[in-house]
Structures are given as structure tokens and as C-alpha cells.
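Hi everyone, thanks for coming. Let me put the structure up on the screen.

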Amino acid sequence: MRVPNSVVLPVGTHVDCCKEEEVEEKSHDIMAKITAMLAERKSNLTHFINNLEGSEEPKFYVDQWERLKEMESCTLSILNLVAVNCTDRRDIKKLEATILEHVKNEELFPEVVRVLPPVYRQVEAAIVDIAQSEEMADHGMMDLEHLLSRLSQRKHLAHLGRELLQDILRYLHRIGLVVWYEEINHLESTVFLQPTFLITMFKLLVRYRLVQQLESIS
């Protein structure tokens, strides 16, 4: 809701726990709730903006007004919900095909036809090579400066600068090849070349009934 021109694909899981008619009913219910939520958000933003514009000293609230106007301009495209049974590989393939179909839609993603500079592909290939190398630790964490140094050792990337690398990392973060939390001070100098390691970590730490499981340990 805070990213301009966002596209959201709702996915409903655990279809195997429902009857066929329940799946359709729940899908319609979820989409109706999303529609209502978006309408309420738009109404609330309009209400807050009107309140600021109608205040006695509107000049004191310029920053808030600009932020609200910015949020109001963020359009959100909601695609039709996809219901899947995560235990059925065919459903996973169906979801994958649906995502690819939407991503290739130029109306939804106008930038899909943009051609990336060759250096982006070169850095991407080099990072994949480094991540798969034997000397790379299982956790796949690497200091940003060290990564720049490793990449610069390659002949075709000898002139790679920090600023360009950061631009490329933002792109690779968006497509899910790496994870780079540049907005978090303690993590801005760390690049996760193995995102699957983070997923494994989160699965261990964030789980259903975690508190009860911990309390059961003597």
C-alpha cells in the first residue's frame, strides 16, 4: 500500500483442507474483504487530508499533508486470488505459471520490456559463481566491501564502483537473487548471497505455537 503502482496476487493455501464449494466461497469472501479494505483506506486518507486542509494552521501540517497525498497517489492493483494445495506439485506449477503470466503483462509491469545494461548480467553471474564456490560459507553472508573487492578482481568488472554495485544489488534484491537490507543500519554493510539460509532461519524462529513449545521445555 506504500509502494507506487503495486501489484498484489493473493494466494490461498490449504485447499486440501476444504471442500470444493468452500474454496470458491472463501475465495469470494477474501476478495470482497480486500476490496472493502482498500475502499476504507481511500476513505480514511481523504478524511485525514480534508482535516489537515481545514485546520486553523494548515501550514504547520505541510509535511503530514504531503505524506498523505503521496500515499493517496499509490495505486494498488489486486489480481484474482489463486487457490493452491501446497502438497500437490501440480498446483505449485500452476501458481508459478500464473505469476509468470502476470509478470509478462506489460500493462501491469510497463518496465518489463526495459533492457538492463550488460554489467547487471555480468555482476549477477559473478555473484552466483561466488555464492556457489566451495570457499563460500553455508550462511552466504558477505561484507559489502569484500563483495566489491571480489567482483573487482574479475577482469570485466575491474572498474565496478560501489555506487553501481549498490544499484545492481537493489535490482538483485527485488528479483530475489540476494537479500540486502540497506535501510537497516546494522545490516546495510551485509549482503546475503544465499536467501534460502534466511528462510531456514525464519522457519526455525517463527513458527506456529512457538511460545507454547518453548514453555514446554523444562
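Predicted model: local features only at pLDDT ≥ 70, side-chain atom pairs only at ≥ 80, totals over all residues.

Residues are numbered from 1 along each chain as its sequence is written, and side-chain values use heavy atoms, with hydrogens and water left out.

The chain is assigned domain 1 (6-104) and domain 2 (118-202), with bounds from an automatic or database domain assignment. Their C-alpha centres are 31 Å apart.

So where does the largest pocket lie? Both domains give residues to its lining, so the largest pocket lies between them. A pocket here, on a 1 Å grid over the protein atoms alone, is an open set of points where a 1.4 Å probe fits, with protein on both sides within 12 Å along at least five of seven lines; lining residues have an atom within 4 Å of a point. Of its 20 lining residues, Val103, Phe109, Glu111, Val112 and Arg174 lie nearest the centre.

Now to the helices, which are DSSP runs (H or I, at least four residues) numbered from the N terminus. H4 (residues 118-131) and H5 (residues 144-152) pack at about 105°, axes 11 Å apart; axes are lines fitted to C-alpha atoms over the stretch in contact, and angles run from 0 to 180 degrees between N-to-C directions. The two are therefore roughly perpendicular, a label for 65 to 115 degrees. Val123, Ala126, Ile127 and Ile130 of H4 meet Leu147, Arg150 and Leu151 of H5, contact meaning heavy atoms within 4.5 Å.

Methods. Parallel < 35°, antiparallel > 145°, perpendicular 65-115°, else oblique.
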